[in-house]
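Keep the model in view as you read.

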Amino acid sequence: MPTTLITNIAALVTNDPSQGDGSPLGLVQDAAVVLDGEHIAWAGPAAHAPAADTVHDAEGRAVIPGFVDSHSHLVFAGDRTQEFNARMSGRGYSAGGIRTTVAATRAATDAELEANVTRYLAEALRQGTTTFETKSGYGLTVEDEARALRIAARHTDEVTYLGAHIVSPDHADDPAAYVELVTGEMLDACAPHARWIDVFCEKGAFDGDQARAILTAGKAKGLHPRIHANQLSYGPGVQLAVELDAASADHCTHLTDADVDALANSDTVATLLPGAEFSTRAEWPDARRILDAGATVALSTDCNPGSSFTSSVPFCIALAVRDMGMTPDEALWSATAGGAAALRRDDVGRIAVGARADLALLDAPSHVHLAYRPGVPLVTEVWRRGARVA
(Lines give C-alpha, C1' and ligand atoms only; values in the text may rest on other atoms or scores of the structure.)
Protein backbone atom coordinates (compact mmCIF):
# COMPACT_ATOMS: atom_id res chain seq x y z
CA MET A 1 0.00 0.00 0.00
CA PRO A 2 1.18 3.58 -0.56
CA THR A 3 2.72 5.40 2.37
CA THR A 4 1.36 8.74 3.57
CA LEU A 5 3.31 11.55 5.25
CA ILE A 6 1.21 13.79 7.49
CA THR A 7 3.32 16.87 8.06
CA ASN A 8 3.10 20.46 9.29
CA ILE A 9 1.80 19.21 12.66
CA ALA A 10 2.04 21.91 15.33
CA ALA A 11 2.12 19.45 18.22
CA LEU A 12 2.04 15.66 18.04
CA VAL A 13 0.93 13.57 21.03
CA THR A 14 2.57 10.15 20.69
CA ASN A 15 2.09 8.71 24.21
CA ASP A 16 5.64 7.46 23.74
CA PRO A 17 7.89 8.91 26.49
CA SER A 18 10.98 8.23 24.40
CA GLN A 19 9.78 10.89 21.96
CA GLY A 20 9.80 14.67 22.09
CA ASP A 21 9.64 16.23 25.53
CA GLY A 22 10.04 12.92 27.37
CA SER A 23 6.72 13.31 29.20
CA PRO A 24 4.10 10.53 29.28
CA LEU A 25 2.53 12.24 26.25
CA GLY A 26 5.81 12.14 24.30
CA LEU A 27 4.91 15.55 22.86
CA VAL A 28 6.74 16.48 19.65
CA GLN A 29 6.59 20.05 18.30
CA ASP A 30 6.74 20.76 14.54
CA ALA A 31 6.14 17.10 13.86
CA ALA A 32 5.23 14.58 11.19
CA VAL A 33 3.89 11.04 10.98
CA VAL A 34 4.29 8.42 8.26
CA LEU A 35 1.50 5.88 7.74
CA ASP A 36 2.22 2.61 5.97
CA GLY A 37 -1.04 0.83 5.32
CA GLU A 38 -2.83 0.29 8.62
CA HIS A 39 0.19 1.06 10.81
CA ILE A 40 2.49 3.86 11.90
CA ALA A 41 5.83 3.62 10.10
CA TRP A 42 7.53 6.69 11.60
CA ALA A 43 6.82 9.62 13.93
CA GLY A 44 9.01 12.52 15.02
CA PRO A 45 10.23 16.00 14.08
CA ALA A 46 9.09 17.07 10.62
CA ALA A 47 12.63 18.09 9.70
CA HIS A 48 13.70 14.44 9.95
CA ALA A 49 10.69 12.85 8.25
CA PRO A 50 11.38 10.26 5.55
CA ALA A 51 9.82 10.53 2.11
CA ALA A 52 6.43 8.96 1.41
CA ASP A 53 4.24 8.28 -1.60
CA THR A 54 1.73 11.00 -0.70
CA VAL A 55 1.83 14.07 1.55
CA HIS A 56 -1.02 15.38 3.68
CA ASP A 57 -0.72 18.88 5.16
CA ALA A 58 -1.99 19.13 8.74
CA GLU A 59 -1.94 22.93 8.37
CA GLY A 60 -0.50 23.61 11.80
CA ARG A 61 -3.02 21.50 13.70
CA ALA A 62 -2.37 19.30 16.71
CA VAL A 63 -2.50 15.53 16.15
CA ILE A 64 -3.43 13.03 18.85
CA PRO A 65 -3.99 9.27 18.96
CA GLY A 66 -7.55 8.21 18.25
CA PHE A 67 -9.58 8.00 21.45
CA VAL A 68 -10.02 4.55 23.00
CA ASP A 69 -13.47 4.39 24.60
CA SER A 70 -13.24 1.32 26.81
CA HIS A 71 -16.75 1.47 28.34
CA SER A 72 -20.03 1.90 26.48
CA HIS A 73 -23.51 0.36 26.26
CA LEU A 74 -24.62 0.85 22.66
CA VAL A 75 -26.94 -2.09 21.97
CA PHE A 76 -30.26 -0.69 23.12
CA ALA A 77 -33.57 0.73 21.94
CA GLY A 78 -35.63 3.69 23.11
CA ASP A 79 -34.48 6.55 25.29
CA ARG A 80 -35.14 7.75 28.82
CA THR A 81 -35.81 11.44 28.24
CA GLN A 82 -38.60 11.54 30.81
CA GLU A 83 -36.40 9.91 33.45
CA PHE A 84 -33.59 12.39 32.78
CA ASN A 85 -35.99 15.32 32.93
CA ALA A 86 -37.41 14.13 36.23
CA ARG A 87 -33.95 13.50 37.67
CA MET A 88 -32.82 16.98 36.73
CA SER A 89 -35.90 18.18 38.58
CA GLY A 90 -34.79 16.55 41.82
CA ARG A 91 -35.30 12.79 41.69
CA GLY A 92 -32.27 10.65 42.60
CA TYR A 93 -30.75 8.06 40.25
CA SER A 94 -30.89 4.33 40.99
CA ALA A 95 -30.12 1.18 39.03
CA GLY A 96 -33.83 0.47 38.54
CA GLY A 97 -34.12 2.72 35.51
CA ILE A 98 -32.33 0.10 33.45
CA ARG A 99 -35.58 -1.90 33.32
CA THR A 100 -37.12 0.73 31.04
CA THR A 101 -34.41 0.16 28.44
CA VAL A 102 -34.67 -3.61 28.86
CA ALA A 103 -38.34 -3.52 27.84
CA ALA A 104 -37.63 -1.36 24.78
CA THR A 105 -34.64 -3.44 23.73
CA ARG A 106 -36.51 -6.72 23.94
CA ALA A 107 -39.26 -5.26 21.76
CA ALA A 108 -36.86 -3.99 19.08
CA THR A 109 -35.88 -5.84 15.94
CA ASP A 110 -32.30 -6.78 15.15
CA ALA A 111 -32.30 -4.15 12.40
CA GLU A 112 -33.43 -1.44 14.81
CA LEU A 113 -30.75 -2.35 17.33
CA GLU A 114 -28.04 -2.45 14.68
CA ALA A 115 -29.15 0.91 13.31
CA ASN A 116 -28.71 2.41 16.78
CA VAL A 117 -25.23 0.91 17.18
CA THR A 118 -24.21 2.21 13.76
CA ARG A 119 -25.59 5.67 14.48
CA TYR A 120 -23.80 6.14 17.77
CA LEU A 121 -20.53 4.68 16.50
CA ALA A 122 -20.55 7.10 13.58
CA GLU A 123 -21.25 9.92 16.03
CA ALA A 124 -18.31 8.85 18.19
CA LEU A 125 -16.02 8.43 15.19
CA ARG A 126 -16.65 12.01 14.07
CA GLN A 127 -15.44 13.08 17.52
CA GLY A 128 -12.21 11.11 17.29
CA THR A 129 -13.04 7.71 18.80
CA THR A 130 -11.31 4.99 16.77
CA THR A 131 -11.46 2.07 19.23
CA PHE A 132 -14.40 1.24 21.43
CA GLU A 133 -15.76 -1.43 23.72
CA THR A 134 -19.47 -2.09 24.04
CA LYS A 135 -21.65 -4.38 26.12
CA SER A 136 -24.84 -6.34 26.16
CA GLY A 137 -27.00 -5.95 29.27
CA TYR A 138 -30.34 -4.64 28.03
CA GLY A 139 -31.82 -7.98 27.02
CA LEU A 140 -31.41 -10.13 30.15
CA THR A 141 -32.73 -13.26 28.43
CA VAL A 142 -30.58 -15.90 26.76
CA GLU A 143 -31.82 -14.96 23.29
CA ASP A 144 -31.68 -11.18 23.76
CA GLU A 145 -28.22 -11.13 25.32
CA ALA A 146 -26.81 -13.38 22.61
CA ARG A 147 -28.28 -11.30 19.80
CA ALA A 148 -26.93 -8.09 21.37
CA LEU A 149 -23.45 -9.56 21.36
CA ARG A 150 -23.75 -10.82 17.80
CA ILE A 151 -24.74 -7.32 16.69
CA ALA A 152 -21.93 -5.68 18.66
CA ALA A 153 -19.34 -8.14 17.33
CA ARG A 154 -20.06 -7.00 13.78
CA HIS A 155 -18.66 -3.59 14.73
CA THR A 156 -15.86 -4.20 17.25
CA ASP A 157 -13.62 -6.89 18.68
CA GLU A 158 -14.06 -5.43 22.16
CA VAL A 159 -17.39 -7.01 23.09
CA THR A 160 -18.49 -7.55 26.69
CA TYR A 161 -21.11 -9.94 28.03
CA LEU A 162 -23.10 -8.06 30.68
CA GLY A 163 -25.98 -10.39 31.40
CA ALA A 164 -25.40 -9.35 35.01
CA HIS A 165 -26.42 -5.72 34.51
CA ILE A 166 -29.36 -6.06 36.87
CA VAL A 167 -31.46 -9.01 37.96
CA SER A 168 -33.87 -9.64 35.12
CA PRO A 169 -37.46 -8.51 35.84
CA ASP A 170 -38.43 -12.10 35.01
CA HIS A 171 -36.47 -13.27 38.07
CA ALA A 172 -37.20 -10.39 40.44
CA ASP A 173 -38.39 -12.80 43.12
CA ASP A 174 -35.54 -15.26 42.68
CA PRO A 175 -32.17 -13.54 42.12
CA ALA A 176 -30.31 -16.79 42.76
CA ALA A 177 -32.06 -18.39 39.80
CA TYR A 178 -31.01 -15.49 37.61
CA VAL A 179 -27.38 -15.80 38.69
CA GLU A 180 -27.62 -19.49 37.79
CA LEU A 181 -28.94 -18.53 34.35
CA VAL A 182 -26.23 -15.90 33.80
CA THR A 183 -23.49 -18.37 34.73
CA GLY A 184 -25.06 -21.29 32.87
CA GLU A 185 -27.24 -21.32 29.77
CA MET A 186 -26.86 -17.60 29.05
CA LEU A 187 -23.09 -17.72 29.40
CA ASP A 188 -22.91 -20.73 27.08
CA ALA A 189 -24.88 -18.83 24.42
CA CYS A 190 -22.96 -15.57 24.82
CA ALA A 191 -19.34 -16.59 25.34
CA PRO A 192 -18.63 -17.32 21.65
CA HIS A 193 -19.48 -13.72 20.75
CA ALA A 194 -17.57 -11.86 23.50
CA ARG A 195 -14.07 -11.19 24.75
CA TRP A 196 -15.02 -9.84 28.19
CA ILE A 197 -17.47 -10.49 31.02
CA ASP A 198 -18.80 -7.71 33.25
CA VAL A 199 -21.09 -7.38 36.27
CA PHE A 200 -22.75 -4.43 37.99
CA CYS A 201 -21.58 -4.97 41.56
CA GLU A 202 -23.80 -2.55 43.44
CA LYS A 203 -26.71 -2.31 45.85
CA GLY A 204 -29.80 -2.95 43.75
CA ALA A 205 -27.84 -5.11 41.31
CA PHE A 206 -25.37 -7.87 42.39
CA ASP A 207 -23.50 -8.28 45.66
CA GLY A 208 -19.89 -9.34 46.02
CA ASP A 209 -20.55 -13.08 46.26
CA GLN A 210 -22.83 -13.04 43.23
CA ALA A 211 -20.35 -10.94 41.26
CA ARG A 212 -17.49 -13.31 42.10
CA ALA A 213 -19.52 -16.33 40.96
CA ILE A 214 -20.45 -14.62 37.69
CA LEU A 215 -16.95 -13.41 36.84
CA THR A 216 -15.36 -16.72 37.84
CA ALA A 217 -17.76 -18.61 35.59
CA GLY A 218 -16.90 -16.25 32.75
CA LYS A 219 -13.17 -16.80 33.26
CA ALA A 220 -13.74 -20.55 33.04
CA LYS A 221 -15.31 -19.95 29.62
CA GLY A 222 -12.36 -17.88 28.43
CA LEU A 223 -13.84 -14.42 29.04
CA HIS A 224 -11.72 -11.90 30.92
CA PRO A 225 -13.34 -9.88 33.75
CA ARG A 226 -14.22 -6.22 33.93
CA ILE A 227 -16.52 -4.85 36.62
CA HIS A 228 -18.83 -1.94 37.37
CA ALA A 229 -17.41 -1.11 40.79
CA ASN A 230 -18.11 1.37 43.58
CA GLN A 231 -20.27 3.71 41.52
CA LEU A 232 -23.18 4.50 43.81
CA SER A 233 -21.75 3.46 47.17
CA TYR A 234 -18.80 1.84 48.90
CA GLY A 235 -18.67 -1.87 48.20
CA PRO A 236 -16.55 -4.91 47.34
CA GLY A 237 -16.26 -4.24 43.59
CA VAL A 238 -12.75 -2.80 43.41
CA GLN A 239 -11.25 -5.41 45.71
CA LEU A 240 -12.95 -8.14 43.69
CA ALA A 241 -11.63 -6.66 40.46
CA VAL A 242 -8.06 -6.77 41.75
CA GLU A 243 -8.52 -10.26 43.20
CA LEU A 244 -9.68 -11.63 39.83
CA ASP A 245 -7.15 -9.61 37.77
CA ALA A 246 -9.94 -7.72 36.03
CA ALA A 247 -8.73 -5.52 33.21
CA SER A 248 -10.65 -2.61 34.68
CA ALA A 249 -12.77 -1.50 37.60
CA ASP A 250 -15.19 1.05 36.17
CA HIS A 251 -16.69 4.11 37.88
CA CYS A 252 -14.58 4.00 41.10
CA THR A 253 -16.42 6.90 42.73
CA HIS A 254 -16.60 5.65 46.32
CA LEU A 255 -13.18 4.31 47.29
CA THR A 256 -11.52 3.51 50.60
CA ASP A 257 -7.78 3.95 51.05
CA ALA A 258 -7.49 0.16 50.74
CA ASP A 259 -9.29 0.28 47.40
CA VAL A 260 -6.92 2.94 46.07
CA ASP A 261 -3.89 1.00 47.29
CA ALA A 262 -5.20 -2.18 45.69
CA LEU A 263 -5.60 -0.46 42.33
CA ALA A 264 -2.16 1.12 42.57
CA ASN A 265 -0.55 -2.26 43.21
CA SER A 266 -2.31 -4.17 40.47
CA ASP A 267 -2.74 -4.30 36.70
CA THR A 268 -6.41 -3.36 37.04
CA VAL A 269 -7.15 0.02 35.45
CA ALA A 270 -9.47 2.47 37.20
CA THR A 271 -11.84 3.59 34.44
CA LEU A 272 -13.54 6.89 35.26
CA LEU A 273 -16.80 7.86 33.56
CA PRO A 274 -17.59 11.51 34.27
CA GLY A 275 -20.55 11.55 31.90
CA ALA A 276 -22.43 9.49 34.49
CA GLU A 277 -21.77 11.97 37.28
CA PHE A 278 -22.67 14.87 35.02
CA SER A 279 -25.97 13.27 33.99
CA THR A 280 -26.96 12.15 37.48
CA ARG A 281 -25.59 15.04 39.55
CA ALA A 282 -23.67 12.48 41.57
CA GLU A 283 -20.40 12.90 43.42
CA TRP A 284 -17.38 13.17 41.11
CA PRO A 285 -14.67 10.48 41.27
CA ASP A 286 -11.48 11.80 42.82
CA ALA A 287 -9.10 11.22 39.94
CA ARG A 288 -6.32 13.17 41.65
CA ARG A 289 -6.32 10.74 44.58
CA ILE A 290 -6.15 7.70 42.31
CA LEU A 291 -3.43 9.13 40.07
CA ASP A 292 -1.30 10.31 42.96
CA ALA A 293 -1.37 6.78 44.38
CA GLY A 294 0.15 5.49 41.15
CA ALA A 295 -2.85 3.66 39.68
CA THR A 296 -3.49 3.59 35.94
CA VAL A 297 -6.56 5.60 34.95
CA ALA A 298 -8.73 5.37 31.84
CA LEU A 299 -11.34 7.93 30.84
CA SER A 300 -14.41 6.81 28.90
CA THR A 301 -17.93 7.91 28.01
CA ASP A 302 -20.16 5.18 29.49
CA CYS A 303 -22.48 6.01 26.59
CA ASN A 304 -25.88 4.61 27.52
CA PRO A 305 -29.47 5.88 27.37
CA GLY A 306 -29.96 6.22 31.10
CA SER A 307 -27.08 7.68 33.06
CA SER A 308 -24.58 9.00 30.48
CA PHE A 309 -26.07 9.60 27.06
CA THR A 310 -22.95 11.06 25.46
CA SER A 311 -20.58 9.61 22.87
CA SER A 312 -18.14 12.51 23.23
CA VAL A 313 -14.74 11.72 24.69
CA PRO A 314 -13.71 15.40 24.34
CA PHE A 315 -16.65 16.34 26.57
CA CYS A 316 -15.51 13.79 29.16
CA ILE A 317 -11.97 15.17 28.99
CA ALA A 318 -13.28 18.64 29.77
CA LEU A 319 -15.31 17.31 32.72
CA ALA A 320 -12.32 15.38 34.08
CA VAL A 321 -10.13 18.47 33.99
CA ARG A 322 -12.75 20.80 35.42
CA ASP A 323 -14.31 18.59 38.09
CA MET A 324 -12.11 15.55 38.79
CA GLY A 325 -8.70 17.08 39.39
CA MET A 326 -6.97 15.86 36.24
CA THR A 327 -4.57 17.94 34.21
CA PRO A 328 -5.20 18.28 30.46
CA ASP A 329 -2.23 16.00 29.81
CA GLU A 330 -3.49 13.33 32.20
CA ALA A 331 -7.01 13.45 30.81
CA LEU A 332 -5.85 13.01 27.23
CA TRP A 333 -3.48 10.18 28.16
CA SER A 334 -6.28 8.45 30.06
CA ALA A 335 -8.67 8.76 27.10
CA THR A 336 -6.13 7.21 24.72
CA ALA A 337 -3.34 5.12 26.27
CA GLY A 338 -5.36 4.61 29.45
CA GLY A 339 -8.30 3.24 27.48
CA ALA A 340 -5.94 0.94 25.63
CA ALA A 341 -4.59 -0.34 28.96
CA ALA A 342 -8.17 -0.98 30.13
CA LEU A 343 -8.58 -3.19 27.06
CA ARG A 344 -5.11 -4.69 27.50
CA ARG A 345 -4.09 -3.44 24.09
CA ASP A 346 -0.72 -1.99 23.05
CA ASP A 347 -1.52 -1.45 19.37
CA VAL A 348 -3.89 1.49 19.90
CA GLY A 349 -3.87 4.65 22.02
CA ARG A 350 -0.43 5.76 20.87
CA ILE A 351 1.36 7.04 17.77
CA ALA A 352 4.48 4.92 17.57
CA VAL A 353 6.13 2.62 15.05
CA GLY A 354 4.06 -0.52 14.63
CA ALA A 355 0.94 0.86 16.32
CA ARG A 356 -2.32 1.02 14.44
CA ALA A 357 -2.60 4.18 12.34
CA ASP A 358 -5.47 5.72 14.31
CA LEU A 359 -5.26 9.46 14.89
CA ALA A 360 -7.28 12.65 15.07
CA LEU A 361 -6.43 16.15 13.87
CA LEU A 362 -7.64 19.03 16.02
CA ASP A 363 -8.57 22.49 14.80
CA ALA A 364 -6.19 23.85 17.41
CA PRO A 365 -2.42 24.09 17.93
CA SER A 366 -2.47 22.02 21.13
CA HIS A 367 -4.36 19.12 22.73
CA VAL A 368 -4.98 21.38 25.73
CA HIS A 369 -7.78 23.00 23.72
CA LEU A 370 -9.88 19.88 24.31
CA ALA A 371 -10.41 21.13 27.87
CA TYR A 372 -9.75 24.82 27.18
CA ARG A 373 -12.58 25.03 24.61
CA PRO A 374 -15.26 22.66 25.96
CA GLY A 375 -18.16 21.86 23.69
CA VAL A 376 -16.38 23.07 20.54
CA PRO A 377 -16.12 20.43 17.75
CA LEU A 378 -12.33 20.56 17.48
CA VAL A 379 -11.81 17.22 15.74
CA THR A 380 -11.52 18.07 12.04
CA GLU A 381 -10.11 14.82 10.63
CA VAL A 382 -10.06 11.22 11.82
CA TRP A 383 -7.78 8.52 10.42
CA ARG A 384 -8.48 4.89 11.28
CA ARG A 385 -6.28 1.99 10.20
CA GLY A 386 -4.42 4.40 7.95
CA ALA A 387 -7.43 5.70 6.05
CA ARG A 388 -9.18 9.03 6.49
CA VAL A 389 -12.69 8.18 7.71
CA ALA A 390 -14.02 11.54 8.93
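Thr4 counts as buried because its relative accessibility is 13%, and buried means under 20% relative accessible area with a 1.4 Å probe, protein chains only. This is a predicted model, where local features need pLDDT of at least 70, side-chain atom pairs count only at pLDDT 80 or more, and totals for chains, interfaces and linings use all residues. Residues are numbered from 1 along each chain as its sequence is written, and side-chain values use heavy atoms, with hydrogens and water left out.

Thr4 sits in strand 1 (residues 3-12), a strand being a DSSP run of E with at least two residues, numbered from the N terminus. Its side chain makes a polar contact of 3.1 Å with that of Thr54 (a pair of N or O atoms within 3.5 Å, one able to donate a hydrogen and the other to accept it). Beyond its neighbours within four places in sequence, Thr4 also touches Val33, Leu35 and Trp383, among others (contact means heavy atoms within 4.5 Å).

Now for the nonpolar cores, sets of buried Ala, Val, Leu, Ile, Met, Phe, Trp, Tyr and Cys residues joined through side-chain atoms within 4.5 Å.

| Core | Size | Residues include |
|---|---|---|
| Largest nonpolar core | 89 residues | Tyr161, Phe206, Ile227, Ile317 |
| Another core, apart from it | 16 residues | Ala31, Leu35, Leu361, Trp383 |

Leaving aside neighbours within four places in sequence, Ile317 is in contact with Phe67, Leu299, Ala331, Leu332, Ala335 and Leu370.

Conventions: Helices (H or I, at least four residues) and strands (E, at least two) are DSSP runs, numbered from the N terminus. Buried means under 20% relative accessible area, exposed over 50%, partly exposed in between (1.4 Å probe, protein chains only).
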